[in-house]
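Thanks for making time for this one. I would like to walk through how the parts of this protein sit against each other, and then look at a few local details.

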Amino acid sequence: MIVTIDGPAGAGKSTAARQLAQRLGFEFLDTGAMYRAVTWYCCQHKIDLADPHAVADAARRMSLELVDDRVQVDGEDVSLAIRTPEVTRESRHVAGNNVVRQFLVELQRSLAAGRNVVTEGRDQGTVAFPHAECKFFLVADPRERALRRQRELEQRGQQVSLEELLQQQSHRDQRDAEREFGAMRAAEDAHVIDTSCVELEQVVAQLERLVRERIGG
Ligand code: C5P
């Protein structure tokens with residue numbers, strides 16, 4: 001069974017998807033980590049991110065593994081290295097590259113084949129798994145999302161103003177939503193859930209209830 005969770009950054013997807021997978025005894029697939037890993041690899045090997053062919057070649061060449069929540073590129077653990085602001089910023093080139101998108105969507109499908117998976121991203125319910133049994137699209141108020149991001153960065157010792165975060169976030173949202181392929185949008189059959197004023201625990205409980213209803217029904 002496939003459960004998809006899509007939505008913008010900061011809507012709580014990642015944490016909710018991880019916890020939901022744990023509660024259901026499903027595997028968890030972080031597809032944003034794949035785009036980040038390709039970005040990291042290109043930065044590391046000085047590959048011009050603005051050159052779509054070079055980036056696509058790199059994605060095909062590198063070995064990418066997702067093992068128990070760890071991300072490995074050519075055998076190296078890059079789980080932390082792919083979370084830097086530089087990788088976050090530069091990932092737009094990779095996310096906008098349609099050859100890379102097709103390649104990663106194939107990889108996502110092969111990783112999920114025959115398994116019970118909660119998969120999280122932007123295009124999981126629309127492009128990667130249009131026939132998924134249960135789809136969610138998480139949203140939240142922009143200010144609330146930026147505040148969450150600010151707290152997350154603070155925990156890592158980085159101070160960024162709310163204004164700056166709001167601005168970056170709105171650019172990312174726009175790019176995610178307007179991309180030619182794999183644009184971020186809710187599938188027609190997705191449950192749209194607003195996480196703005198809800199504790200994460202309650203969000204996960206709601207998702208679990210909806211999945212169990214689907215399994216039972
Ligand atoms: O979710 P996260 O911030 O880790 O995503 C990293 C990058 O990958 C972002 O640029 C996002 O737009 C992109 N992405 C994507 N499709 C997905 C998951 C993430 O284009 N399924």
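The centres of domain 1 and domain 2, taken over C-alpha atoms, are 19 Å apart. Domain 1 covers 1-24 + 117-210 and domain 2 covers 27-115, with bounds that come from an automatic or database domain assignment. To the contact between them, which means heavy atoms within 4.5 Å, domain 1 brings 24 residues and domain 2 brings 22 residues.

Please keep in mind that this is a predicted model, in which local features need pLDDT of at least 70 and side-chain atom pairs count only at pLDDT 80 or more, while totals for chains, interfaces and linings use all residues. Residues are numbered from 1 along each chain as its sequence is written, and side-chain values use heavy atoms, with hydrogens and water left out.

How much area is buried between domain 1 and domain 2? The figure is about 1800 Å², with 49% of it given by carbon and sulfur atoms; buried area here is the accessible area (1.4 Å probe) that two parts lose on being put together, summed over both.

Across the same interface, 11 residue pairs are in polar contact, both residues at pLDDT 80 or more. A polar contact is a pair of N or O atoms within 3.5 Å, where within protein one must be able to donate a hydrogen and the other to accept it, and residues adjacent in sequence count only if both atoms are side-chain atoms.

On the side of domain 1 that touches domain 2, the elements giving two or more residues are α1 (13-24), β6 (117-121), α6 (124-128) and α8 (162-178), where helices (H or I, at least four residues) and strands (E, at least two) are DSSP runs, numbered from the N terminus. Of these, β6 gives the most, with five residues.

Helix α8 also holds Asp173, whose side chain makes a polar contact of 2.8 Å with the side chain of Arg145. Beyond its neighbours within four places in sequence, Asp173 is in contact with Pro8, Arg145 and Met184.

Finally, a salt bridge links Asp123 and Arg101, with the closest N and O atoms 2.9 Å apart.

Methods
A salt bridge is a side-chain nitrogen of Lys or Arg within 4 Å of a carboxyl oxygen of Asp or Glu.
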